[in-house]
Amino acid sequence: MKKKKTAEDWIVDIIVYAIVIFLSISIVLPFMQVITISMSPASVVNRNGFHLIPTKFDFSGYHTIMTDDNFWHSYLVTIARTIIGTASCVLVTVLTAYPLSKPNLPYRRGLMIFVVFTMYFSGGMIPTYLLLKNIGLTNHFLVYILPCLITGFALIVTRNFFMTLPAALEESARIDGASNMKILFSIYLPLSLPVLATIALWYAVTHWNSWMDNMLYVTKQNLYVLQYVLQTILNNGQTPDMEMAVGVVVHTETMKMAALILSLIPIVCVYPFLQKYFIKGMVVGSVKG
């Protein structure tokens with residue numbers, strides 16, 4: 001028999017729903033505003049400023065951005081960086097987390113202390129720049145990949161997930177003569193889709209949103225990433241009041257918002273497919289220490 005809700009239950013439900021509705025509105029309204037400005041003509045933007053519901057439609061901002069070769073080249077660079085960087089990061093994280101999940105690994109506690117240490121302290125911006133310059137990574141595509149191959153938090157979550165898997169699986173595989181790599185790739189990884197999807201999403205979002213490393217280590221325009229180009233557009237307007245071939249003047253804010261929308265599409269498309277794994281991986285990977 002279903003238990004009847006008490007007054008306290010109703011109060012808690014009202015508070016929770018109110019918080020959820022407030023957070024949802026705070027997320028949806030800015031997104032609606034960006035979409036509306038991106039498809040509004042300059043005259044409406046100048047007259048009304050930021051508004052939520054479009055009164056007139058004008059896609060000149062999208063046309064301006066989509067005909068910009070530099071924008072699309074940076075888009076391709078970012079896609080390549082995200083795919084290669086995410087795959088490399090997940091591989092290195094898995095190869096590091098697997099041995100650290102074994103209780104008989106020598107100096108395991110000390111190694112984990114080093115991992116946790118990197119979560120709180122770093123070498124600093126100037127030493128990092130000098131190091132990357134001395135090893136020839138500046139103005140090189142690998143500067144986007146190698147310095148961030150692994151993060152301490154993702155390593156810990158993956159290691160904890162591996163520790164929850166039954167030891168009997170590995171023991172039976174060893175009896176059949178399986179090596180460590182065979183056990184990892186044939187047994188552990190197929191059972192680790194939730195945590196792999198979780199850390200892959202973390203790494204992918206990090207690579208997709210990164211622009212600081214571009215600003216610090218790259219001066220070649222053919223290596224610019226999308227977020228650096230987008231940051232330039234948002235800060236400087238790039239080409240304010242750009243006049244297109246048809247003679248239509250494109251408002252700077254319209255062009256900015258159109259660039260924002262175009263830059264969000266890949267992540268918005270990928271996230272729904274990984275969400276179910278993301279929640280499970282976070283819960284299971286954070287249970288065991």
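How many nonpolar, polar and charged residues does the lining of the second largest pocket have? The answer is seven nonpolar, three polar and six charged residues, where Ala, Val, Leu, Ile, Met, Phe, Trp, Tyr, Cys and Pro count as nonpolar, Asp, Glu, Lys and Arg as charged, and the others, Gly among them, as polar. The structure is a predicted model, in which local features need pLDDT of at least 70 and side-chain atom pairs count only at pLDDT 80 or more, while totals for chains, interfaces and linings use all residues. Residues are numbered from 1 along each chain as its sequence is written, and side-chain values use heavy atoms, with hydrogens and water left out.

The second largest pocket holds about 290 Å³ of space. A pocket here is an open set of points on a 1 Å grid over the protein atoms alone, where a 1.4 Å probe fits, with protein on both sides within 12 Å along at least five of seven lines; lining residues have an atom within 4 Å of a point. The volume is the space filled by probe spheres set on the points, which are joined across faces, edges and corners. Of the 16 lining residues, S101, K102, P103, A167 and E170 lie nearest the centre of this pocket. Helices α7, α8 (167–175) and α9 (180–188) each supply at least two residues of this lining, and α8 gives the most, with four. Helices are DSSP runs (H or I, at least four residues), numbered from the N terminus.

Two of the residues nearest that centre, K102 and E170, also form a salt bridge with each other, their closest N and O atoms being 2.4 Å apart. A salt bridge is taken as a side-chain nitrogen of Lys or Arg within 4 Å of a carboxyl oxygen of Asp or Glu. Because E170 lies in helix α8 and K102 in the loop between α4 and α5 (108–120), the pair ties together parts that are 68 residues apart in sequence. E170 also pairs with R174, at 2.8 Å between the closest N and O atoms; both lie in helix α8, four residues apart, about one turn of the helix. R174 is partly exposed, with a relative accessible area of 40%, whereas E170 is buried at 11% (buried means under 20%, exposed over 50%, partly exposed in between, with a 1.4 Å probe and protein chains only). Through shared partners, K102, E170 and R174 join into one network.

The count comes to three salt bridges. Another of them pairs R81 with D213 (2.6 Å, N to O), linking helix α4 (residues 69–100) to helix α11 across 132 residues. R81 and D213 are both buried.

The largest pocket contains about 680 Å³ of space. Its lining comprises 26 residues, with P147, C148, I150, T151 and T206 the closest to the centre. By class, this lining has 16 nonpolar, eight polar and two charged residues. At least two lining residues come from each of α6 (125–134), α7 (152–164), α10 (193–209) and α11 (212–217).

Elsewhere, Y62 sits in helix α3 (residues 60–66) and is buried, with a relative accessible area of 13%. The C-alpha atoms of Y62 and M39 are separated by 7.8 Å, although the two are 23 residues apart along the chain.
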